[in-house]
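Please look at the sequence and the model shown below before reading on. The report then takes up a sheet and a pair of rings.

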Amino acid sequence: MAGALDRAGIAAEPVPPAESLLVHAPPLAPGPLGAASLHVLAPLGRLTAAQLRALLPAEEVRLTPWRGAVVVGAAPGHQDHARLAALDSLGLITRPDSPWAGVSACTGRPGCAKSLADVRADAAPGSARGLPVHYSGCERRCGHPHGTWVDVVATADGAYLVDGAPTPRTALHDAVTTARNGAIARATTPSTPAETTR
């Protein structure tokens with residue numbers, strides 16, 4: 001990897017592995033981290049080129065395991081609402097109370113041949129608080145979070161199962177809101193591992 005980066009003219013230094021990377025910690029909340037850093041989440045785990053450019057200039061942009069980025073050195077302090085509003089207008093998740101915080105999805109159609117739906121297009125965040133929610137295009141549930149989450153799985157008839165309850169596509173928002181608030185949430189154990197290959 002280092003050789004390929006070197007040939008491409010990209011400066012990089014190897015980072016020694018740290019034991020703390022192996023610990024499952026709760027995700028950082030989006031928003032300012034002190035006066036000189038900011039944590040933003042990418043909606044459904046994807047950053048566009050425009051969103052990446054909007055994070056600059058910065059001393060560093062560090063991608064996180066929580067599908068986001070920490071911007072170091074040029075991010076706003078707690079008083080710089082204009083910068084946060086600009087990033088928010090580009091679709092980045094900059095506040096912990098955003099309805100999209102805690103929402104994830106697999107690749108879905110058309111990126112995965114096994115997917116039964118375009119889950120990224122169908123994803124509805126539901127309420128801004130409560131359990132994480134994960135949209136899966138099939139029963140493999142690729143990319144699901146650890147612990148307890150709202151399990152939304154596409155079905156062959158064009159509908160979804162929300163924590164096992166059949167739900168039409170048009171009712172996803174209400175069903176996910178109810179589930180995120182804990183009314184029907186339960187510990188979810190997928191029938192197959194998320195690491196299953198396509």
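## The sheet

In what order do the four strands of the open sheet stand, and is their pairing parallel or antiparallel? The order is 1-2-4-3, and the pairing is antiparallel, where strands are DSSP runs of E with at least two residues, numbered from the N terminus, and two strands pair if DSSP finds at least two bridges between them. Strand 1 (31-33) and strand 3 (60-64) are the edge strands, since each of them pairs on one side only. On average, neighbouring strands of this sheet are turned by 25 degrees against each other, with direction ignored; the axes behind this angle are lines fitted to C-alpha atoms.

Strand 1 is joined to strand 2 (residues 37-41) by three bridges, and the two run antiparallel. Within this pairing, Gly-31 stands opposite His-39 in strand 2.

## The aromatic pair

The structure holds one aromatic pair, a term for rings of Phe, Tyr and Trp (its six-membered ring) with centres within 6.5 Å. The ring centres of Tyr-135 and Tyr-160 are 6.4 Å apart and their planes stand at 80 degrees, so the pair is edge-to-face (planes over 60 degrees apart; under 30 is stacked, the rest tilted). Tyr-135 lies in strand 6 (residues 133-136) and Tyr-160 in strand 8 (residues 160-162), so that the pair links distant parts of the chain, 25 residues apart.

Tyr-135 counts as buried because its relative accessibility is 0%, and Tyr-160 is also buried, with a relative accessible area of 0%; buried means under 20% (1.4 Å probe, protein chains only).

## About the model

This is a predicted model, in which local features need pLDDT of at least 70 and side-chain atom pairs count only at pLDDT 80 or more, while totals for chains, interfaces and linings use all residues. Residues are numbered from 1 along each chain as its sequence is written, and side-chain values use heavy atoms, leaving out hydrogens and water.

Conventions. Axes fitted to C-alpha atoms, helices over the stretch in contact; angles between N-to-C directions. Buried < 20%, exposed > 50% of the residue type's maximum accessible area, 1.4 Å probe, protein only.
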